[in-house]
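We will go from one stop to the next, and each stop begins with something to select.

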Amino acid sequence: MITVHHLEHSRSQRILWLLEELGLPYELKIYKRDAKTRLAPAELKKIHPLGKSPVIVDKGEVVAESGAIIEYLVETYGTKAKGELAKLQPGVGSAEHRQCRFWMHYAEGSLMNWLVMKLVFATIPTQPMPFFARPIARGISDAVINKLIDPNLNTALAFMEAHLATHEWFSGADLSMADFQMSFAVDAALSRVAKGKHYPKLRHFKQRMEARPAYQRALQKGGPTLADFQIKK
């Protein structure tokens with residue numbers, strides 16, 4: 001049986017969603033974040049040297065990194081999927097395959113970098129420091145967010161919005177691996193970018209994703225995807 005090492009409030013949620021869609025049995029081991037640092041606990045390093053989540057163990061093989069896990073699960077167990085799951089991995093050489101490959105890389109290679117930066121810089125002024133240093137920290141943080149991070153995030157959101165205006169899912173007309181990989185990034189982007197309300201296609205994607213029974217089952221088992229807060233400008 002597949003074992004999923006799942007960190008609360010993390011990208012690991014998309015792995016649970018895929019497993020639920022495929023109807024695969026799995027054992028779930030949930031890890032709590034450190035109450036102060038909000039980082040993954042050290043015990044995850046016993047599973048994989050990087051100490052990150054998600055990680056799965058299947059047939060004695062340890063697989064880390066969301067994209068690699070999604071590809072492994074689809075290639076190993078999704079080839080016989082039917083109905084709306086039949087094209088989780090679009091045919092090689094097709095336009096859908098090229099789109100799928102792009103979004104699989106874009107989620108972590110481009111979009112998540114800016115989202116993590118926003119989270120880090122937004123929380124810097126809240127960290128313990130001498131009172132006289134706090135205004136300086138806030139000024140630097142706001143400047144980086146306003147002049148560097150938010151412009152790039154707004155460009156990314158506009159790009160995704162335009163894409164979903166002409167595509168049912170990220171790869172095309174059918175649900176694919178790319179939608180699972182992009183799910184956390186879209187959720188985080190709409191939560192952490194002030195102008196998220198202006199992106200109806202992205203919000204529609206999020207609503208359709210969250211309405212799926214498999215997604216709801218994953219949420220019940222793994223807990224909320226994001227921590228219960230939003231970054232405000």
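The tour below begins with a pair of helices and then moves on to salt bridges. Please keep in mind that this is a predicted model.

**Stop 1: two helices**

Select residues 66-77, which form helix α2, and residues 177-192, which form helix α5. Their axes are 10 Å apart and the helices pack at an angle of about 150°. Because of that angle, α2 is roughly antiparallel to α5. If you turn the view to look at the crossing, you will find that α2 passes α5 in a right-handed manner.

Now show side chains at the contact. From α2, pick S66, G67, I70, E71 and V74; from α5, pick M177, F180 and Q181. Colour these residues by type, and the contact divides into four nonpolar, three polar and one charged.

**Stop 2: R212 and E84**

Select R212 and E84, whose side chains meet in a salt bridge with an N to O distance of 3.0 Å. Which parts of the chain does this pair tie together? R212 sits in the loop between α6 (200-211) and α7 (213-222), while E84 sits in the loop between α2 and α3 (95-123), so the bridge joins parts that are 128 residues apart in sequence. With a relative accessibility of 10%, R212 counts as buried.

**Stop 3: K118 and D150**

Next, select K118 and D150, which form a salt bridge whose closest N and O atoms are 2.7 Å apart. K118 belongs to helix α3 and D150 to helix α4 (residues 134-164), so here the parts tied together are 32 residues apart in sequence. Are these two residues buried or exposed? Both K118 and D150 are buried.

**Stop 4: E168 and R208**

Then select E168 and R208, a salt bridge with its closest N and O atoms 3.0 Å apart. E168 is in the loop between α4 and α5 and R208 is in helix α6, so this pair ties together parts 40 residues apart in sequence.

**Stop 5: a network**

Finish by selecting R11, R14 and E108, which are linked in a network of salt bridges. As a reminder for this last view, side chains of opposite charge can pair when their charged atoms come close.

Technical notes. Residues numbered from 1 in each chain as written. Predicted model: local features only at pLDDT ≥ 70, side-chain atom pairs only at ≥ 80, totals over all residues. Heavy atoms only, no water. Axes fitted to C-alpha atoms, helices over the stretch in contact; angles between N-to-C directions. Helix = DSSP H or I, 4+ residues; strand = E, 2+ residues; numbered from the N terminus. Parallel < 35°, antiparallel > 145°, perpendicular 65-115°, else oblique. Left-handed = near helix turned anticlockwise from the far one by under 90°. Contact = heavy atoms within 4.5 Å. Nonpolar A, V, L, I, M, F, W, Y, C, P; charged D, E, K, R; others polar. Salt bridge = Lys/Arg side-chain N within 4 Å of Asp/Glu carboxyl O. Buried < 20%, exposed > 50% of the residue type's maximum accessible area, 1.4 Å probe, protein only.
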